[in-house]
Amino acid sequence: MIWGNILLWIVGLFILYVVIFAAVKDAIDKSEVGQIVIKKYGVKEEIVTISDKEIEKELEDDERR
């Protein structure tokens, strides 16, 4: 019974987090300040992920030089 209540709280808090996160992000994007920042600096680009193998290869190439 207690574990069920704990699980429901965790799920409820996670849903609340997702809703608040989406609302805040949407509000910032639609606000006047958000529009000014987007016009001035552009839209933030996606973060490029690099694998560990690529990093190791680049470091090995630097060491050889």
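K30 counts as exposed, at 63% relative accessibility (buried is under 20% relative accessible area, exposed over 50%, partly exposed in between, with a 1.4 Å probe and protein chains only). The model is predicted: local features need pLDDT of at least 70, side-chain atom pairs count only at pLDDT 80 or more, and totals for chains, interfaces and linings use all residues. Residues are numbered from 1 along each chain as its sequence is written, and side-chain values use heavy atoms, with hydrogens and water left out.

**Exercise 1.** Identify the residue with which K30 forms a salt bridge.

*Solution.* Step 1: a salt bridge requires a side-chain nitrogen of Lys or Arg within 4 Å of a carboxyl oxygen of Asp or Glu. Step 2: K30 pairs with D26, the closest N and O atoms being 3.6 Å apart. Step 3: D26 is partly exposed, at a relative accessible area of 38%. Step 4: a search of the whole structure finds one salt bridge.

**Exercise 2.** Classify the ring pair of Y17 and F21.

*Solution.* Step 1: rings of Phe, Tyr and Trp (its six-membered ring) pair if their centres lie within 6.5 Å; planes under 30 degrees apart count as stacked, over 60 as edge-to-face and the rest as tilted. Step 2: the centres of Y17 and F21 are 6.1 Å apart and the planes lie at 25°, so the pair is stacked. Step 3: Y17 is exposed, with a relative accessible area of 53%, while F21 is partly exposed at 48%.
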